[in-house]
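Student: Could you show me how to read the disulfides of a protein? I would like the general idea and then the case in hand.

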Amino acid sequence: MSRLAAIWKRIQPSGLMAWMARRTLTQLASGLAILAAVALTGSLVVTGQAARLDQRQQAALSALDDFGAMASKLPADTSMDASAMTEGDAAYMSAFLSAFQDGPTRNVTTLEQTCRTGQGGAGVRFIRAPVGKPAGLLALETARAERLTRLGDGVFLIRLDAGQLCLTRGVDVIVVKRPIGSLSIIVGRVVDPAGVAWRWAVLAVALTGALILVSGLTAALFARQRLTSAIAEVSLVLDRAALGDFSRRAPDVAVAPELTQLSNQVNRTLDRLEELLSWLRDSADQLAHDFRTPLARASARLDKLMETEDPAERKRLGEAAGRDIAEITRAMNEAMALRDGEAWLFESVRLDVLAEAAVELYQPIADIRDIRIVAEGEPVSVLGVRSLLQRAVANLVDNAVKFSPDGGVVTLRAWDCDEGPCLSVGDQGPGMSGNQPSMPRAKDSHGMGLAFVRAILRRHGGRMTIDDARPGAIVTARFSR
């Protein structure tokens, strides 16, 4: 009982879905192919049973026709009882009926043809009189008979083994067993086991079933190989990503269309991870950059404070150094806020205002080397995070000041270009070619600062370009909104 309950649970919709979920695509495809072949085989069996029943009905009709034809040829005095019949009468009647036992409409198929080809249609008979020897096939009387009431009264199915009618094959015979007067007559027809049309149908169904089974298994093996190859590619990409290599991406529909959505999702995840790791590296670099600048200013002012004797100047330098230390604290707090996402508030930010703030922030450092910072342009706004954009502008100005010669000029310009809002920072240093320095410009600043600026611009849907100012370089932040 428990086994039946388990089977019932398995065939229920939820149980069936759970069972299918644990199977591979190859197993499911193979199972479907096998089920299709089994279904065709079942239909072949059912069709075979129907064809066999039809052949028996045809043989029964022919046997009844034969029996009627024989009965119609008997003389009127055949109803004599057994006591009045002599052996001569019995022999005469047997010979007479044998001449007419085939009936008027039977197809001309001899017993020899039936035994040689296995096709049905040949007629058989057995006649027993009250006296004398019986005539015909004795096995029709002695063989076990199965009554077929649905085919008619007195109709039976007899199975004749090899040697009883045919030497090398057994046959099925539909017979009619009815007495005529004092005679016991058995008339039958050999059942055709399969007609020509039925044999062609069997062949067609068998070939179709074999084709479905082979094609299903082949498709399952191909799908498994393709999926295995695609999953191996995805696994390789993930393994490389786990080692820090984000240069490869998962394949798309060229390998396995079934995994297109998964491959796209994996690629989007890898893109996001690469962006986050880049942002993490740039953020770490920027923290060092942000701390270095105010520390340098504070150190320079403290050195001056120790050298000067003027109390007012000492007070001014001390307050300035305090502001630098406060700037370090602010940068640290801002970094913590960025980590927690508290500063990701998008608002309308004026680029020209950011440029003026950068001038005010870096002019004291630039004065040490007699560098002049100039802000020009027109009011222009972008949608972004104010603190991040301010860092980006400050980073560009810091680099420009460091690479400018003593007495040089750093120019900040904000304007509305063809693509959208733009802000550029130009210096008069050794210049840059493309994204790489054309001359050995201090790697400790441009390498980290520009990477951080690029990350911020990507966050705001913008991009960065570097042009040669001859002399110097112009770094431009271009926004699309």
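Tutor: Gladly! The disulfides of this protein follow the pattern 1-2, 3-4, where bonded cysteines are counted along the chain. A disulfide here is a pair of cysteine sulfur atoms within 2.5 Å. Keep in mind that this is a predicted model, where local features need pLDDT of at least 70, side-chain atom pairs count only at pLDDT 80 or more, and totals for chains, interfaces and linings use all residues. Residues are numbered from 1 along each chain as its sequence is written, and side-chain values use heavy atoms, with hydrogens and water left out.

Student: How many disulfides does a search of the whole structure find?

Tutor: The search finds two. In one of them, Cys115 is joined to Cys166, with an S to S distance of 1.9 Å.

Student: What is the handedness of the disulfide between Cys115 and Cys166?

Tutor: The torsion about its S-S bond is about -75°, so this disulfide is left-handed.

Student: And are Cys417 and Cys422 buried or exposed?

Tutor: Buried means under 20% relative accessible area, exposed over 50%, and partly exposed in between (1.4 Å probe, protein chains only). Cys417 is buried at 13%, and Cys422 is buried at 0%. These two form a disulfide with their sulfur atoms 1.9 Å apart.
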